[in-house]
Amino acid sequence: MNEVKLSSPDRVLFPDDGITKGDLFAYYERIAPVLVPHLRDRPFTMKRYREGIAGEGFFQKQAPKGMPSWIPTRRFQTFPREGEPRMVDFPLVNAPEAVLWMVQMHCIDMNAWYSRVDKPDRPDYVVFDLDPPDEPDGFALAVDVAQLIRGLLDEVELPGYVKTSGADGIHVLAPIQRRAGFDDTYAFAEAASRLLEQRHPGLVTTEWLKSKREGVLVDHRQNGWGKTIASVYSVRPKPGAPVSTPLRWEELTRDVRPRDFTMAVALDRVARVGDLFEPVLADPRPLGAAARALSRLAS
């Protein structure tokens, strides 16, 4: 059996809360059975916080030297914003011990592709990433918009599943069969977002520039090859160590706050209700029919 030895378990990663590396390790050890299926066979990007959340985190795509041989890798070409395209050996977090090794390497949240290595050009879901405005009721507005997305997805008969991002926003994922490409998911998310913007001006926006933005950004640009989001059940590098937590739609009300979902709460919820995001893996739907229905609504 592979074993991960934790060093510096008393190192404080969340200074305002006293949450240590050992606390984080213990959480991921317990949540791993429901987390790993959502990471398995997806190229993984390490986001490392050597000094805890008070320091600067950095992304690392290339598997580091010294990574255990029992953590597999797969090589893919990347296209950095700066510099030339390059080949990268991405780790695959396919086992609980691999999750724990990432924690040992100072990863707080778990970031993986939307697609899997056998079909890297075929995403498993469409992502709607909601970014609320910087105002007191910003998250409540994001809740309203998430419910509008749910309604639109219902109109085109494509089920959506919601989770807190664990930071300041909300993620809605619509699982699809692996027939569509990223161009298709991007186009669908853009068309859906722009339709909602037309229906609800001032509440929903697709405007990228914050200075021009009014309302909640529904960011369709997150649907792209090699993009990542923090996985469900990821702890986020924010005060209180909030967790990206799946919710039932009826639980997503205006009084919900992301920081309410701590590691203890996430573990308790899984013990009580299981993995609410299991259908994201188990019940994909065809995107084509939904895209055609959306086109009819928009015309």
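User: What makes up the lining of the second largest cavity by class?

Analyst: In this predicted model, the lining of the second largest cavity comprises 6 nonpolar, 2 polar and 1 charged residues. The residues in question are Y233, T245, P246, A266, R269, V270, V273, G274 and L276. G274 belongs to this lining and falls in the polar class, because Gly is counted there. R269 is classed as charged, because Arg is assigned to that class. Helix α5 (residues 263-273) gives the most to this lining, with 4 residues.

User: How do you know that the second largest cavity belongs in the count of cavities, and what is its volume?

Analyst: The count takes cavities of 30 Å³ or more and comes to 2. The second largest cavity has a volume of about 30 Å³, and the largest cavity has about 120 Å³.

User: What surrounds the largest cavity, and which residues are closest to its centre?

Analyst: The lining consists of 14 residues, of which H38, Y125, L173, S231 and V232 are the closest to the centre. At least two lining residues come from each of α1, β7 and α6 (278-282). By class, 10 are nonpolar, 2 polar and 2 charged.

User: Why is Y125 called buried?

Analyst: The relative accessible area of Y125 is 8%. Buried means under 20%, so Y125 is buried.

User: Why is the pair of Y114 and Y125 called tilted?

Analyst: The ring centres lie 5.7 Å apart, and rings pair if their centres lie within 6.5 Å. The planes meet at 45°. Stacked requires under 30 degrees and edge-to-face over 60, so the pair is tilted. It joins distant parts of the chain, with Y114 in the loop between β7 and β8 and Y125 in strand β8, 11 residues apart. Y114, at 0% relative accessibility, also counts as buried.

User: What makes the pair of Y27 and Y28 edge-to-face?

Analyst: The angle between the planes of Y27 and Y28 is 65°, and edge-to-face applies over 60 degrees.

User: Why is E157 called exposed?

Analyst: E157 has a relative accessible area of 68%, and exposed means over 50%; therefore E157 is exposed. E157 is found in the loop between α3 (138-155) and β9 (161-164). Its phi is also positive, near 60°, although the residue is other than glycine.

User: Why does G169 count as buried?

Analyst: The relative accessibility of G169 is 7%, and the limit for buried is under 20%, so G169 counts as buried. G169 is found in the loop between β9 and β10 (170-175). Its C-alpha atom is separated by 23 Å from that of R42, and the two are 127 residues apart along the chain.

User: What makes up the lining of the largest pocket by class, and which residues are closest to its centre?

Analyst: The largest pocket holds about 1300 Å³ of space. Of its 38 lining residues, F59, R81, Q222, K227 and T228 are the closest to the centre. Elements giving two or more residues to the lining include β3 (44-48), β4 (58-60), β5 (73-78) and β8 (125-131). The lining divides into 13 nonpolar, 11 polar and 14 charged residues.

Conventions
Residues are numbered from 1 along each chain as its sequence is written. This is a predicted model: local features need pLDDT of at least 70, side-chain atom pairs count only at pLDDT 80 or more; totals for chains, interfaces and linings use all residues. Side-chain values use heavy atoms; hydrogens and water are left out. On a 1 Å grid over the protein atoms alone, a cavity is a set of points where a 1.4 Å probe fits but cannot get out, and a pocket is an open set with protein on both sides within 12 Å along at least five of seven lines; lining residues have an atom within 4 Å of a point. Grid points are joined across faces, edges and corners, and a volume is the space filled by probe spheres set on the points. Rings of Phe, Tyr and Trp (its six-membered ring) pair if their centres lie within 6.5 Å; planes under 30 degrees apart count as stacked, over 60 as edge-to-face and the rest as tilted. Buried means under 20% relative accessible area, exposed over 50%, partly exposed in between (1.4 Å probe, protein chains only).
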